[in-house]
Amino acid sequence: MKLVNKPEQDSLEWTKFYGYCENIGDKRGYTIGIFGATTGGPNDEGPDGPTLFKEFDASSGASNPSITGGLARAGVHGSMQGKILKISDSAKVFCDKIGNLQNNPAWRDAMWNTFYKVYIQYSVQQARQRGFSSALTIGSFVDTALNQGATGDSGTLQGLLSRSGNSGDEKTFMTAFYAQRSKIVDTNDYNQPPNGKNRVKQWSTLLNMGETDLKNADAAVQKVTNWEMK
């Protein structure tokens, strides 16, 4: 999570961001929480924010969880317009309410349930079907999925994997994957240049350092995240 949070929040203290909320102007609506769930917009027509609020309702004990129920539990107002969650509160009101959920156990549980269902599960599946199992590879896939989308167009994890070759050697495949991601990671409002390329470089540098299991890798993670956000 430190590797994810550096390019998202310019911080390694990721646990401080369960209540994060901001419209960062990337045409994806509001960005929320530790992995940047979004409410959706022109650049994100299949947002994960609706799932997050439904999971919040479920984690809070709802027998028939819904997006509407999750919004109500958070004390915010909005409605689905197609697949987009349109928030009707002002930005200050909405983000203040989300901020108040920072230490809410059900919110934290919902955050991880959403993270797993939308990004981690698919990333693990994609790694395993290629015969890969290292924490670095799975983490690289998860970071790509949450930043650029898991499935869909050519910029998503799915699209990048389709252009990364068929090597059964994990290092060879991942080197090609990082090269493909670097070509587009600073486009389409995924990241502000050159933050995207530095984001990918974190993972590729760890690969070249041999830190594939990420065990006892705090010093290495500190080293590769020592770059300046723009």
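Start with where helix 1 touches helix 9: Leu3, Val4, Lys6, Pro7 and Glu8 on the helix 1 side meet Arg199, Gln202, Trp203 and Leu206 on the helix 9 side. Sorted by class, this contact has 5 nonpolar, 1 polar and 3 charged residues. Keep in mind that this is a predicted model.

How are the two helices set against each other? Their axes lie 9 Å apart and the packing angle is about 155°. Angles over 145 degrees count as roughly antiparallel, so helix 1 is roughly antiparallel to helix 9. As for handedness, the crossing of helix 1 and helix 9 is right-handed.

Here are the helices that come up in this report:

| Helix | Residues |
|---|---|
| Helix 1 | residues 2-9 |
| Helix 2 | residues 49-59 |
| Helix 5 | residues 105-128 |
| Helix 9 | residues 195-209 |

Now for the inside of the protein. The largest nonpolar core has 58 residues, and Ile32, Phe53, Phe94, Trp107 and Phe177 have the most contacts inside it. Which helix gives this core its largest share? That's helix 5, with 10 residues.

Phe177 is worth a look in the viewer. Setting aside its neighbours within four places in sequence, Phe177 is in contact with Ser140, Phe141, Thr144, Leu157, Leu160, Leu161 and Ser164.

Phe53, another of the core residues with the most contacts, sits in helix 2 and is buried there. Follow the chain just past helix 2 and you reach Gly61, which takes a positive phi of about 110°.

Key
Residues numbered from 1 in each chain as written. Predicted model: local features only at pLDDT ≥ 70, side-chain atom pairs only at ≥ 80, totals over all residues. Heavy atoms only, no water. Core = buried A, V, L, I, M, F, W, Y, C linked by side-chain atoms within 4.5 Å. Buried < 20%, exposed > 50% of the residue type's maximum accessible area, 1.4 Å probe, protein only. Helix = DSSP H or I, 4+ residues; strand = E, 2+ residues; numbered from the N terminus. Contact = heavy atoms within 4.5 Å. Axes fitted to C-alpha atoms, helices over the stretch in contact; angles between N-to-C directions. Parallel < 35°, antiparallel > 145°, perpendicular 65-115°, else oblique. Left-handed = near helix turned anticlockwise from the far one by under 90°. Nonpolar A, V, L, I, M, F, W, Y, C, P; charged D, E, K, R; others polar.
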